[in-house]
Amino acid sequence: MAEPLLPLPPALDQLLVIRRWLELTLARVDEKITAVRASDAEQARRRPPPEPPQWWIEYGIGARRAPERAHTGDCALTSRGRPATAQSVRELLLTAPDVVACPLCRPDSELGLLDS
């Protein structure tokens, strides 16, 4: 058996006192952990949710996972994809023939691509 960090006394009454002290200490640590977790949870509830991205690129399913549709960040039509920049959405809409603008949120209109 490995040698303990500190030698323990041989008397039973002393060992029982140490055991009780450790139980009380562990109870205090558990109480503190509960309090810290509750505080962290309260702070998380008070934080505002993160801002949605301004632009979103939806990708297809399957092995290829190519870009399929461009959205504004607040579009309710998709949740599959990745946040994007205005420039990357603009480039995709102008250069990728398979990528279409969402007919609901109209990112092409938002980016001024329909005016040109």
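E23 is partly exposed, with a relative accessible area of 35% (buried is under 20%, exposed over 50%, and partly exposed in between, using a 1.4 Å probe and protein chains only). This is a predicted model, where local features need pLDDT of at least 70, side-chain atom pairs count only at pLDDT 80 or more, and totals for chains, interfaces and linings use all residues. Residues are numbered from 1 along each chain as its sequence is written, and side-chain values use heavy atoms, with hydrogens and water left out.

So what does E23 pair with, R19 for one? E23 and R19 form a salt bridge, their closest N and O atoms 3.6 Å apart (that is, a side-chain nitrogen of Lys or Arg within 4 Å of a carboxyl oxygen of Asp or Glu). Both sit in helix α1, residues 12-46, four residues apart, about one turn of the helix (helices are DSSP runs of H or I, at least four residues; strands are runs of E, at least two; numbering starts at the N terminus). E23 also bridges to R20, at 3.3 Å between the closest N and O atoms.

Further along, E42 and R45 in helix α1 are three residues apart, and their salt bridge has its closest N and O atoms at 2.7 Å. R45 is exposed at 58%.

Now over to T72, in strand β2 (residues 67-72). T72 is buried, at 7% relative accessible area.
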